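Here is a quick walk through one model, written for someone who likes to check the atoms while reading. Have the viewer open and follow along.

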Amino acid sequence: SFDIHAFAHQPSSPTNICDYRVVGDFELLFVMKGQSLITIGQTLHHFTQGNIALIPPFIRNKIDTPPEDPHDNYFIHFDVFPFYRQAEFQHLLEQAIMKCTEELFSQILHPLLRQMEQERVRKGPGSTLLLDLLFRQLLLNLLRYSFDDTLLQNHSGATEENALLDQAISFIQDNTESPLKIQDICQHLHISESYLHKTFAAKMNLS
């Protein structure tokens, strides 16, 4: 399941930039025209019209655009639940983005993004729910048209480590405005620091 944190359309402007930052959710950026220069980790990526950028959570990133050809883009910030399946989802979505065709982008994804923008602006009854449904439809189309018979892996129930990971990240997100230490998380979950580090490393490739 998904939780949208932010969605917006940025018309062409050289001021549509973000300095270095680290955020705890995914960001999808759809370039409608112009050029986007996005640094993810240590790598600079050059995106142009019809390209999709995926910025994973907890990765240092920066977004620039050249003044002579500023980008016009849609961006969506969102979370994926359960947390322990984020790496799996990211892998599938990265493959889908690489296989995304110009036809899929212009004829299916762009109209869905325009609908999402209309609902965000309208803010009428049910707009939040419809925005969520349109986003799910966008992801579904992107994945479905990019894979022949690839399906999400079937997970029969959450293990103890998976449940622990979800509780840890939820606790972190609930306390983003407060000073938070590793010891606070361990005390909340009644576990040792070594076990917490081991679980994050095994499930999310993060320290």
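## A glycine in a loop

Let's start with Gly50, which sits in the loop that links strand 5 and strand 6. One thing to keep in mind throughout: this is a predicted model. Gly50 has a relative accessible area of 27%, so Gly50 is classed as partly exposed. If you pick its C-alpha atom and that of Leu109, you'll find 10.0 Å between the two, although Gly50 and Leu109 are 59 residues apart along the chain.

Glu27 has His77 in strand 8 as its bridge partner. Glu27 counts as buried because its relative accessibility is 4%. It's also in a salt bridge: Arg21 pairs with Glu27, with 2.5 Å between the closest N and O atoms.

Strand 4 (residues 36-40) and strand 7 (residues 61-64) run antiparallel, with four bridges between them. Across that pairing, Ile40 stands opposite Asn61 in strand 7.

## Salt bridges

How many salt bridges does the structure hold? There are five, and the Arg21 and Glu27 pair described above is one of them. As background, side chains of opposite charge can pair when their charged atoms come close.

Another pair is Lys62 with Asp64, where the closest N and O atoms are 3.7 Å apart. Lys62 is partly exposed because its relative accessible area is 22%, and Asp64 is partly exposed too, at 24%. Then there's Arg85 with Glu88, at 3.0 Å between the closest N and O atoms. Glu88 counts as buried, since its relative accessibility is 15%.

## The nonpolar core

Now for the inside. The largest nonpolar core has 32 residues, and those with the most contacts inside it are Leu28, Phe30, Ile52, Phe78, Leu109, Met116 and Leu142. The elements giving two or more residues to this core are strand 1 (2-10), strand 3 (26-33), strand 6 (52-55), strand 8 (72-80), helix 1 (86-99), helix 2 (102-122) and helix 3. Helix 3 provides the largest share, seven residues. In soluble globular proteins, nonpolar side chains tend to be buried together.

## A patch on the surface

Helix 3 (residues 127-144) also holds Leu133. Is Leu133 buried or partly exposed? Leu133 counts as partly exposed because its relative accessibility is 45%. With Leu129 and Leu130, Leu133 forms a nonpolar patch on the surface, and together they have about 270 Å² of accessible area.

How values were computed: Residues numbered from 1 in each chain as written. Predicted model: local features only at pLDDT ≥ 70, side-chain atom pairs only at ≥ 80, totals over all residues. Heavy atoms only, no water. Patch = residues over 30% accessible without salt bridge, like charges linked within 9 Å, V, L, I, M, F, W, Y side chains within 5 Å. Areas by Shrake-Rupley, 256 points an atom, 1.4 Å probe, with all protein chains shown as cover. Salt bridge = Lys/Arg side-chain N within 4 Å of Asp/Glu carboxyl O. Buried < 20%, exposed > 50% of the residue type's maximum accessible area, 1.4 Å probe, protein only. Pairing = 2+ DSSP bridges. Core = buried A, V, L, I, M, F, W, Y, C linked by side-chain atoms within 4.5 Å.
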